[in-house]
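Hi everyone, thanks for coming. Let's walk through one protein together, a piece at a time, so please have a look at the picture.

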Amino acid sequence: MGYAARITGTGSAFPERRMTNDDVARKLTEFGLETSDQWIQERTGIVERRISNVGNEAERNSSLAARAAIKALEMAGRQAEEIDQIIYATCSPDTPLPSTACWLQQKIGAHRAWVMDINAACSGFIYGVVTAEQFIRSGHSRTVLVIGAEVLSHYINWQDRTICILFGDGAGAAVVERVAPRSRRRVLASYLSSDGTLSELLIVPAGGSALEVTPERYAQNLHKIRMSGREIFKVAVRTLSECALRTLEQARIPAVKLDWFVPHQANLRIIEAVANRIGMSMDQVIINLDRYGNTSAATIPTALDEAIRDGRIKEGQTVLTDAFGAGLTAGAMVFRR
Ligand code: UT7
């Protein structure tokens, strides 16, 4: 008969340092480049972002995740020792080896868990929750901690003004637990997709085993993010709408029956276009990119956590999440809180 999975707790954490659009504009002048608060707000909706202090251990990826995890466990009423499995979605790991999930396990003392990282870029949190759901449904795991956390500022090329305005750092966590199969409050449906033919659209070319970072490549910033912004924008609107509609179809829930939409926070114009296509009003959309920018795998769990804690998303309400990211990866999930 199997089981179902429910999100029972959420948490989030951000580094201390705020960087406003004016701060970004000032930094760009160091490279002879221009931007403005007005341009960034009009084209993206972002006002400020948080940037980790490199070298401060408390602001490493796994340290931010640990703070988020502790809050999520508290909300769920669980102890770290009760976690069976940690799924850590990130594309900016503390170290290439071991996984960032292992560093997190060490920090929170989740002694019983088996742990792993997944890299689905900005879609990582949805991939993580859906993976957790499968392990729970099969009976393999009872309590799973899913993390979406990034220190993407490490990969920002400050000489590329289409990149440095977008990204910020942060961590979100969710406790996903086993419930009875027909529970009203559970993950209801999901749809995941990937299109590897679009891999070059958003890429860190060097630093993996394919291309070593040499002094020449370092000077060319090949160890930093490169992005075809306009192409991604178009693909994102199409893919997000498709994933959302397929998920709703699978759940047999029309968009009018949804209470909330928590999309990946990449660009307010992308979010508005998708909300419009799937038939949701912007009043039902949870937004945090104005204050945090695009925190990649952390956007959805942090936005979700904020809206749960401030009382907007209530118990029993139906929530659609939707993301796309480098790869191109994409996915949507609908759940009842
Ligand atoms: O998680 C996935 C991450 N990636 C994304 O979601 C990226 C999706 N794409 C975007 O968000 C947008 O494409 C950007 C925000 C990156 C760029 O906005 P846009 O409206 O697509 O601008 P554009 O690239 O079409 O450029 C328009 C103009 C250009 O000038 P010209 O050629 O018209 O004279 C750019 O050079 O704006 C210029 N521009 C800027 N001006 C001031 C580009 N970046 C900036 C900037 N400040 N930061």
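Let's begin with helix H8, residues 268-278, whose buried residues are Ile-270, Ile-271, Val-274, Ala-275 and Ile-278. Viewed down the axis of H8, these buried residues fall within an arc of 130°, so they line one face of the helix. That arc is taken from the directions from the helix axis to the C-beta atoms. Buried means under 20% relative accessible area and exposed over 50%, with partly exposed in between, using a 1.4 Å probe and protein chains only. Helices (H or I, at least four residues) and strands (E, at least two) are DSSP runs, numbered from the N terminus.

A word on where this comes from: the model is predicted, local features need pLDDT of at least 70, side-chain atom pairs count only at pLDDT 80 or more, and totals for chains, interfaces and linings use all residues. Residues are numbered from 1 along each chain as its sequence is written, and side-chain values use heavy atoms, leaving out hydrogens and water.

What covers the buried residues of H8? The cover includes helix H7 (229-251), strand E11 (260-263) and strand E12 (318-325). At the start of H8, a side-chain oxygen of Asn-267 comes to within 2.8 Å of the backbone nitrogen of Arg-269. Just after H8, Gly-279 has a positive phi of about 85°.

Next, Arg-336, which sits in strand E13 (residues 329-336). Arg-336 is buried yet has no salt bridge, and Asp-259, the nearest side chain of opposite charge, is 6.6 Å away. A salt bridge needs a side-chain nitrogen of Lys or Arg within 4 Å of a carboxyl oxygen of Asp or Glu; Lys and Arg count as positive, Asp and Glu as negative, and His and the chain ends are not counted. What the side chain of Arg-336 does reach is the backbone oxygen of Arg-184, at 3.0 Å. The side chain of Arg-336 also makes a polar contact with the side chain of Thr-318 (3.4 Å). A polar contact is a pair of N or O atoms within 3.5 Å; within protein, one must be able to donate a hydrogen and the other to accept it, and residues adjacent in sequence count only if both atoms are side-chain atoms.

Key: Contact means heavy atoms within 4.5 Å.
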